[in-house]
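Good morning, and thank you for coming.

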Amino acid sequence: METLNLLADGFAVALTPTNLMLAVLGCFLGTLIGSLPGLGPVNGVAILIPVAFSLELDPTSALILLSCIYYGCMYGGRISSILLNIPGDEPAIMTTLDGYPMAKAGKASEALAISAVASFIGATFATIGLTLFAPMLASVAIHFGPSDYFALYVMAFATIGGITGANPFKTLIAAFLGLMIAAVGLDPGTGVARFTFDSFHLYDGFDPIVAIVGLFAISEVLMYLEKMDQLQGKMVPLGRAIPKLKDILSGGWAYIRGSVIGFVSGVLPGAGASLGAFLSYIAEQRWSDKDGSFGKGNPKGVAAPEAGNNSASGGALIPMLTLGVPGSGTTAVMLALLISLNIQPGPLLFERQPDIVWGLIAALYIANFVLLLLNVPLISFFTRALSMPQWILMPFVVMVSFMGVYSISHSTFDLLVMVGFGLFGYILRKVGVSLVPIILGLLLGAEMENNLRRALSISDGNFGILFQSPIALALYAITATMLCLSFYLAFRKRRRAGEKSV
């Protein structure tokens, strides 16, 4: 009952005219960005973070705007997957397997409608899970000590991107790079300058928002300029404007099964939407593929991965809000927004700032309905975004990035830092290093250091305190298990690639 009362208070916050308008705007922009091949939710949220700052929104409104952009990007990612056979983001890869064959068979509108309904069911399922389970996890996490939080951060660094990443070694290297960048600035304990090269601009370290915009938005522009010719696909005609109800219902129980699998994947740190979509598709294939039609345009092959990746996206918000540890790359970017707004995610967030948490959760319910209404009848409008020339899109991204970053600090030095991070991000992406662990290190490095200092202060410098708590030991065991799993999956992937090449 208490949860329902808090949720009702959240709806009172989310249904104010300003927040409602921001939710609709976020859903529209998110779907538009998500439909563009290659951008995806991480880059979409990173590009539009400066907009939230330049509008001088309060923390609740800013979080509602970006969360709706996040959900909108997840909805929009399926459009180019189905019509162009080019995934809008990584989780949408599985949607291409049956979505594009359906489109080529003249059922593009049916595939888009099925994926929209699957996205709605998956995201709503995850939001209900967020409503029920996040307060429970927060009440447990309130008993965590400094050594437990240190173990939690170790788990986050070791597992984020590890399961779905191509190379676990590169992921770990990226995490260390992020920790090194986080160490720049004045030492919080002694006040000694670290890695500042006598520049007073670096005494406060790097602003996470500036680094994120550079790493994701600017590097994305460089990547786009390099390969934009390869992204020009031949779009399949949309066909019937409004699909029939029986076509939408052909997804059947795949909607529910994909939602459950995706939600569990999303809650796990490091798993994210990609794993949710993959597992949902594989499970549905084994459950329903009696006639060998998967991969040839089976509606359940569209419904399951779309429900899975959208459910995982909502599930990834649970560890971010309750533990301060993001469950996916996009939630890592949103964590940067929270920290920049002086909001500390964690178990106390539910007690000290319930209006923000429950306002956000209520806004997600609203966003799901708005996205369903936008994506079924207005799908023909969003498909037009696929034909947007790159010479329009890229200058717009650059303009938003520069204006947004400058509006935060009014510092030309930050613009140089943003460009520097953009070039750095471009190089890392060229050599196959994920950018998410770097952001994670930059965001959580200071907290990890502070908790290590507190634990050592309690134990008078004895490092054994890090391994004395049952919670910490359990977290280390989970970390070791997930690391072994990620190395095994990477090894199996390379072995299969080698067998195919022979």
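**A surface patch and a charged network**

Helix 11 supplies the largest share of the nonpolar patch, namely 3 residues. The model is a predicted one, in which local features need pLDDT of at least 70 and side-chain atom pairs count only at pLDDT 80 or more, while totals for chains, interfaces and linings use all residues. Residues are numbered from 1 along each chain as its sequence is written, and side-chain values use heavy atoms, with hydrogens and water left out.

The patch itself lies on the surface and is formed by Phe-125, Trp-253, Ile-256, Val-260 and Val-264. Together these residues have about 480 Å² of accessible area, computed by the Shrake-Rupley method with a 1.4 Å probe, where only the protein chains shown count as cover for residues. A patch is made of residues with over 30% relative accessible area and no salt bridge; like charges are joined within 9 Å, and nonpolar side chains (Val, Leu, Ile, Met, Phe, Trp, Tyr) within 5 Å. Val-264 is found in helix 11.

I turn now to charged pairs. How many salt bridges does a search of the whole structure find? The search finds 5, a salt bridge being a side-chain nitrogen of Lys or Arg within 4 Å of a carboxyl oxygen of Asp or Glu.

Glu-284 is buried, at a relative accessible area of 1%, whereas Arg-257 is partly exposed, at 23%. Here buried means under 20% relative accessible area, exposed over 50%, and partly exposed in between, with a 1.4 Å probe and protein chains only.

Next, consider Arg-194. Its side chain meets that of Asp-187 in a salt bridge of 3.5 Å, N to O, and both residues are buried. Arg-194 also forms a salt bridge with Glu-449, at 3.0 Å, N to O. The latter pair joins strand 2 (residues 193-194), which holds Arg-194, to helix 21 (residues 436-458), which holds Glu-449, across 255 residues.

Notes. Helices (H or I, at least four residues) and strands (E, at least two) are DSSP runs, numbered from the N terminus.
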